[in-house]
Structure formats: structure tokens, C-alpha cells
Amino acid sequence: MVEPNAAAPVRVIEEMPAYWRVVFDYPPFNIVDADIFESLQDLLVRMDTSQSLRVVVFESAIPDFYLSHFDLTGKIGNITTAVGASGLPILMDTFVRLTKSPVVSLAKIRGCVRGVSSEFVLACDMRFASRENTRLGHPEVGVGVHPGGGGTERLPHLVGRGRALEIVLSANDFDGDTAERYGYVNRALPDAELDGFVEALARRIASFDRRALAAAKNLVNQVSLPSADRLLDAITSFGTALTWPEAQHRIQAVLERGLQRDIDFEKRWPEVLGNLVETGKTVSKRSP
């Protein structure tokens, strides 16, 4: 098993004062845990105090994993209980502050993006995905819980009720083309064109006046964002769901199958969720 880097899991590359690239680099899988949230909280402070910054692009140093999913081994600290600057728990606070920041945020997606990681890209202002290398979805129901970081609140605004329910209740992956067709992402581009497209868009936005960008984003936010009460209800319900015996059983089963340990399983684990357990017992632990 490859051990994660001891270094900070999120790196900032200041391409110019108005445009930063933010790189997730937390081998082997970019699992979302308390360290990721601590780094994002630090980043938000830097973003808030910069007077020149206009746009950030979030990307991954690991081609097969943008951000994988919530750490199911329990390395989440107090992110669902401690309160952040917005008055919401740290997990939700991070996403809300990113969405409401005057800085424009673009997610440049390659690899797996599931659960809380999907909720992160949904909190970004725009999402651009590799057509050939994107696996995007919400597998939470398949492990006995439900989205708790804003997925159920943000998705219906983007894709409509029926498709939001398909994404959440199927607990399956969606490729770049389907995600684009549904409105889950802004565009899916050929992988070879993704970097150039996002770079050009980021630099174009960075050339505009900060005050005009912030005012326009604020007006869109006023008619498109879920309320804080709804977001708080979701994360409170998620915390309760984690204690359900059925959820504990399913989480243990998927960890035993190789989640967060085996790279091949980590790439495709939603495929097995439909037969993860049978009559209360785990199915064979052989690799599917």
C-alpha cells in the first residue's frame, strides 16, 4: 500500500496575481479527510485576503483521482461538528464559503469524483470534465447513507429533480458525456483539449475587473443557492445516518472488498454496490 505524502495535500500555484491553480496532491487516491478540509480552510483565508485574485482553478496531480470520496476509515476529525466562519459545520462551511466567495472557482476534472468530492465540485462555480477520464457520482445510498454536504440541495437546480434522483438513488458513476448532457458539468471536453480550454477561460476571467465579477456572481447566487437551513438539515441527517447499523455494515463490507487500499477497486467500486450485501451478510470478498 502506498502511504500518503506528509506534505500538505493541497498546493497553490500562483500563475499571476489574478489567477491561481490549486492542485490536489494527496496520494494514493486523494481521499477527502480532515487534512483536506484543513487545507481548504487555509486556502479560503488566503483567497479572502487577496485583493488581486479573481479566479482559481482546482485540479488534481493524480490523473485517475480528482478527489475520491469521504474517508470511510474515520479520519474525518470534527469536520461534521465543529463550526466554521459561516456558522455551519466545517464540511458545509467550506463549500458555502467557496460558493459565496467573490473569487470565481473552476473545477478541472480528471478521474474519480464521488460523494463529498462531487459536492466539492458542485460548490465550485463551473465544472469542466475530461470526456475520456471522468467518473462522477454519488454512491452514498449504496453504502447505507445519503449525501450530506449539499449534493441533494445543489443537484436539482442543475440537472432537474428526476436526474438528481437518478444520480443519488442509483449510487452509480456518470461519465463525462452523460454528466455534460445532464448539466452536472458545464462541458465535457476531449482530454487533450481540457487544459487549454480551462486555462484560456481562467485567464480571460482574470483579465476582468474584480468588482464586476463579484457583483455578477452575487446576483446569480441570490437566485440559485440552497438556504443554510436546508444545508444544515442535510449534514445533521448525514451524521445520524453514519450511526445506522445498516450503514456500518455496508461501509465495513466495501472496505473489506478493497476500498482505500486497492487501486483497481478504488477506480470502480460503485459497480459492486448493487450486490454488496445479501440478506444481511457480505457477499464473497473475492475481487469482482
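This is a predicted model: local features need pLDDT of at least 70, side-chain atom pairs count only at pLDDT 80 or more; totals for chains, interfaces and linings use all residues.
Val10 stands opposite Phe24, a residue of strand S2. Strand S1 covers residues 10–16 and strand S2 covers residues 19–24. The two strands run antiparallel, and six bridges join them. Between S1 and S2 lie two residues, and together the strands form a hairpin.

Let me now turn to the protein as a whole. Its secondary structure comprises eleven helices and ten strands. The C-alpha trace spans about 60 × 40 × 40 Å along the principal axes.

How does the radius of gyration agree with that of a compact globule, and what is its value? For 288 residues, a compact globule would have a radius of gyration near 19 Å; the protein has 18 Å, so the two agree.

Next, the contacts. Among those with a separation of 6 or more, 71% are between residues 24 or more positions apart in the chain.

What share of the residues is buried? Of the 288 residues, 53% count as buried. As for the surface, the accessible area of the protein is about 12,800 Å². Carbon and sulfur atoms contribute 52% of that area.

I close with charge. The protein carries 32 positive and 37 negative side chains. The centres of these two sets lie 3 Å apart.

Notes: Residues are numbered from 1 along each chain as its sequence is written. Side-chain values use heavy atoms; hydrogens and water are left out. Helices (H or I, at least four residues) and strands (E, at least two) are DSSP runs, numbered from the N terminus. The radius of gyration is taken over C-alpha atoms; the globule rule is 2.2 Å times the number of residues to the power 0.38. Buried means under 20% relative accessible area, exposed over 50%, partly exposed in between (1.4 Å probe, protein chains only). Contact means heavy atoms within 4.5 Å. Accessible areas come from the Shrake-Rupley method with a 1.4 Å probe; for residues, only the protein chains shown count as cover. Lys and Arg count as positive and Asp and Glu as negative; His and the chain ends are not counted. The place of a charge is taken as NZ of Lys, CZ of Arg, CG of Asp or CD of Glu. Two strands pair if DSSP finds at least two bridges between them.
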